[in-house]
Amino acid sequence: MEQQSKRPLVSVVMPLYNAENYVGEAIRSVQSQTCGDWELLVIDDGSRDDSLKIAQRLAAEDPRIAVHANPRNMGVAGTRNRGLDLARGDWVAFLDSDDLWRRDKLEKQLLLAHRTGAKMIYTSYTLFRDGPSTRSDYVVPERITYE
């Protein structure tokens, strides 16, 4: 069975809009995951910079990356929903085109989901402004309920 036809464990959905300064590094943070069983769906929402070209160049080098262009600007929610429609994985992860993942993000989340039987996993995050010296850590609670 060819790699492209195999169902990936994780579908990573990345909306893309005018992020030429960040998208390459964001894509590389997915490529560097210790869990390599993923597909990355980059969905361009009408970028006017070189974002789409950068994503297409990286996709040409890695068959796990697919780049799609919206027929019209749909906004980030519509673009994420389109990514969900295209996703083939057992799990879906969202990554914005100006964000980065730690190398073991997917591995740790999948292990936790397997160990606990969780249907959804979420994480804390760090927000950087103008470099690592101006950062804010957002720590989420360990458990939440619908209420």
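Reader: What makes strand 2 and strand 3 (residues 65-69) a pair?

Author: Keep in mind that this is a predicted model. Two strands pair if DSSP finds at least two bridges between them. Strand 2 and strand 3 have five bridges, in the parallel sense, so they count as a pair. Along the way, Asp44 stands opposite Ala69 in strand 3.

Reader: How does the chain get from strand 2 to strand 3, and what is the hand of that crossover?

Author: It goes through helix 2 (residues 51-61), and this β-α-β crossover is right-handed. That name applies because the path over the helix runs clockwise with the strands pointing away from the viewer.

Reader: How do you know that strand 1 (residues 10-16) joins strand 2?

Author: Seven bridges link these parallel strands, and the cut-off is at least two, so they pair. Val12, for one, stands opposite Leu40 in strand 2. Here the chain crosses through helix 1 (residues 23-31), again as a right-handed β-α-β crossover.

Reader: Why is strand 2 (residues 38-44) called mostly covered?

Author: Seven of its seven residues are buried, which means each has under 20% relative accessible area. Trp38, Leu40, Val42 and Asp44 point one way, Glu39, Leu41 and Ile43 the other, and all are buried.

Reader: Why is Phe94 called partly exposed?

Author: Its relative accessible area is 41%. Buried is under 20% and exposed is over 50%, so a value in between is partly exposed.

Conventions:
Residues are numbered from 1 along each chain as its sequence is written. This is a predicted model: local features need pLDDT of at least 70, side-chain atom pairs count only at pLDDT 80 or more; totals for chains, interfaces and linings use all residues. Side-chain values use heavy atoms; hydrogens and water are left out. Buried means under 20% relative accessible area, exposed over 50%, partly exposed in between (1.4 Å probe, protein chains only). Helices (H or I, at least four residues) and strands (E, at least two) are DSSP runs, numbered from the N terminus.
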